[in-house]
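Let's take a quick look at this one together.

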Amino acid sequence: MNIIWIDECQSTNTHVGSLPLDTNGVVVATRAQTAGRGQKGNSWESEPNKNLTFSVMWKPQGFAARDQFAISEAVALAVTDLLSELGLEATVKWPNDIYVGDKKICGILIEHSVMGFDLSRTIAGVGININQREFVSDAPNPVSVIQLIGAELSLEPLLERYVSILESRLDAISTAEGRRDIHDEFQKSMWRFDGKPYPFRDRDSGQTYLGIIRGVEPLGFLEVENTETGEVRKYAFKEVEFLLS
């Protein structure tokens with residue numbers, strides 16, 4: 001994939017999405033993102049010249065739209081792979097935030113275009129907190145690499161390494177067997193997937209309850225067991241909220 005660095009833009013997802021339709025296999029990274037977009041319409045705080053903020057755009061070949069969660073898994077696991085190389089044990093908070101302990105170090109926003117039954121284009125926006133020492137937004141639990149290891153890192157080689165890892169992960173999910181393997185690995189890498197009860201909020205009913213994560217279906221639905229009733233509920237993205245306290 002070709003990596004392009006730009007000095008400033010509002011959102012790398014928006015920028016890469018405006019490239020010509022025949023563009024394929026490109027990474028756009030910016031040194032200053034002024035209006036980064038996160039999940040659920042949230043903004044993404046990133047101090048200029050301190051973090052990795054980039055979007056990867058490619059055209060999956062013959063990749064069924066129903067298998068799209070495998071791409072989310074590949075993008076997220078590539079981040080945990082990179083952080084592991086830096087000596088950090090990271091987990092994936094479903095569907096694709098990256099945590100170290102109970103603190104968020106990376107956010108991911110994936111957008112697909114579909115033609116018929118297949119994906120025609122995928123844009124994966126990634127923000128990894130690298131060299132930012134202080135966070136001023138009201139985000140509840142941010143953390144950065146420098147806060148954890150005490151060393152400032154060069155951004156360009158880190159991005160090159162991430163792209164290399166991602167390409168290997170994407171190659172792996174090109175087969176059904178590879179998708180099964182990465183799904184198993186994703187589940188083992190999930191935040192709070194340890195058999196213990198944690199607080200959740202059902203966004204439809206507003207009910208708060210203690211639940212145990214029982215797994216994730218290949219289509220991406222989260223399975224949570226209500227510890228009081230024993231009922232196992234299946235959630236799509238945005239239907240359930242993890243509570244930190």
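Predicted model: local features only at pLDDT ≥ 70, side-chain atom pairs only at ≥ 80, totals over all residues.

## Cysteines

How many disulfides are there? The count comes to 0 disulfides. Cysteine 9 is in no disulfide, and its nearest cysteine sulfur, that of cysteine 106, sits 16 Å away. Seen from the other end, cysteine 106 has its closest cysteine sulfur in cysteine 9, and 16 Å is too far for a bond, since a disulfide needs the two sulfur atoms within 2.5 Å.

Are these cysteines buried or exposed? Cysteine 9 has 8% relative accessibility, so it counts as buried. Cysteine 106 comes out at 0%, so it counts as buried too. The cut-off behind both calls is under 20% relative accessible area.

## How α2 meets α4

Now for the helices. Helix α2 covers residues 68-85 and helix α4 covers residues 155-172. Their axes come within 9 Å and cross at roughly 135°, which makes α2 oblique to α4. As for handedness, α2 passes α4 in a right-handed crossing.

## Who touches whom

On the α2 side, the contact is made by Ala74, Val75, Leu77, Ala78, Val79, Asp81, Leu82 and Glu85. Helix α4 answers with Leu158, Arg161, Tyr162, Ile165, Leu166, Arg169 and Leu170.

How values were computed:
Residues numbered from 1 in each chain as written. Heavy atoms only, no water. Buried < 20%, exposed > 50% of the residue type's maximum accessible area, 1.4 Å probe, protein only. Axes fitted to C-alpha atoms, helices over the stretch in contact; angles between N-to-C directions. Helix = DSSP H or I, 4+ residues; strand = E, 2+ residues; numbered from the N terminus. Parallel < 35°, antiparallel > 145°, perpendicular 65-115°, else oblique. Left-handed = near helix turned anticlockwise from the far one by under 90°. Contact = heavy atoms within 4.5 Å.
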